[in-house]
Amino acid sequence: MTTETLTHQKESLRPRRESADSESKALFGFWIYIMSDALLFASIFATYAVLQNNTFGGPSARELFSMPFVLTETLILLVSSFTFGLASLYAHHHNSKNKVLAWLLVTFLLGVAFLAMEATEFTKLFQEGNSWQRSGFLSGFFTLVGTHGLHVTAGLIWMSGLIVQVWRRGITTTTIGKVGTLGLFWHFLDIVWIFIFTFVYLIGAI
Amino acid sequence: MTNDFKVIDEQYEAGRRALGSYVTGFVLSVILTIIPYFIVVRHMFEEQSLIWAAVLFAVTQLFVQVVFFLHLSKKSKPLWNMIVFAFTIFVVSFLVIGSLWIMYNLNYNMTDTSPANTNEGYIPK
């Protein structure tokens, strides 16, 4: 009886082990992508740092940005990183589909709120005549913050797809793997934002 | 049968530890965001130290989030994760510090500044 269960268990475990292995390979591959994305951001950060005082007689960072607004944006993105962590927690350890869906949805809405705030800021700058054509500083600013915003947009599109997939198929090895990779992406974007918050907004306000 | 329960227990235990990790990471990140914000907004120190303080808080938060959100640590299963991460940190700092250093010297070695394109220098005072 016991040997039977054991061999049975072994057999049922094997395909899972293999797919878990390929999941971890996918995760590692995605990690390498994230790191190359970090290099992309590093180049844009360096460009911004070089250009940040070249305002060409236009407004500087200190005159343009509202600090409480930026702090709100930062906290929203931070909370969304945390709620994604909760979604990934329920997917990996508790196998509860509804909680995963709920936390993914909360994360999605926070991401939308963040993007909406960023769009508001960009529109305001643009309407006041401070577009990317105004000065080297503003070109650098729009490139850096805009690239991050595009990443967030891509993350949100991906997340909406994942929500549909989890909703239809439930928690499977495949969906768990996807929650894992999107998690890497989302937490990475939060880390990049910390540096934008520090180098563009905080140091700009000094 | 008992084995199954043990697996579930371990899963549950791992879940609890993961939750603890996310909560710690989140609380630390909020603190590490709020402190530099108020230091800068209230202008608590002179400019140069404000800049260093802000950078220090950002780098600390980078490591907090990498450890508590991305769960990268010495125990990370494929050691390659860690190696790739370390290499990226190296290249990123090389790229950013190198660019700033070169451009700083370039600005200050310029003799000709045409009025149409005054380069005011990029280094924060």
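Mentor: Start with the term helix: helices (H or I, at least four residues) and strands (E, at least two) are DSSP runs, numbered from the N terminus. This is a predicted model, in which local features need pLDDT of at least 70 and side-chain atom pairs count only at pLDDT 80 or more, while totals for chains, interfaces and linings use all residues. Residues are numbered from 1 along each chain as its sequence is written, chains are lettered from A and ligands numbered from 1 in the order written, and side-chain values use heavy atoms, leaving out hydrogens and water.

The part to look at is helix α3 of chain A. Helix α3(A) covers residues 67-94, 28 residues in total. The expected span is 1.5 Å times one less than the number of residues. Just beyond α3(A), N95(A) has a positive phi of about 55°.

Now the cover. Buried means under 20% relative accessible area, exposed means over 50%, and partly exposed is in between (1.4 Å probe, protein chains only). Of the 28 residues in α3(A), 20 are buried, so the rest of the structure largely encloses this helix. Across chain A, buried residues are 52% of the 206. The chain has six helices and zero strands. Contact means heavy atoms within 4.5 Å. Among contacts in chain A between residues at least 6 apart in sequence, 83% join residues at least 24 apart.

Next, the partner chain. Chain B holds three helices and zero strands. Of its 125 residues, 29% count as buried. Contacts in chain B with a separation of 6 or more come 51% from residues 24 or more positions apart.

The two chains meet through 47 residues from chain A and 53 residues from chain B. Buried area is the accessible area (1.4 Å probe) that two parts lose on being put together, summed over both. Between chain A and chain B this is about 4300 Å², with carbon and sulfur atoms giving 76%. W31(A), F82(A) and I206(A) supply 15% of the area that chain A buries against chain B, more than any other three residues.

Follow W31(A) across. N81(B) touches W31(A), F28(A) and L72(B), not counting residues up to four places away in sequence. N81(B) sits in helix α3 of chain B, residues 79-109. N81(B) is buried, at 15% relative accessibility.

Last, charge pairs. A salt bridge is a side-chain nitrogen of Lys or Arg within 4 Å of a carboxyl oxygen of Asp or Glu. R16(B) and E13(B) form a salt bridge, 3.6 Å from N to O. Both residues lie in helix α1 of chain B, three residues apart, about one turn of the helix. An α-helix has 3.6 residues a turn, so residues three or four places apart point the same way. R16(B) is exposed, with a relative accessible area of 51%. E13(B) is partly exposed, at 34%.
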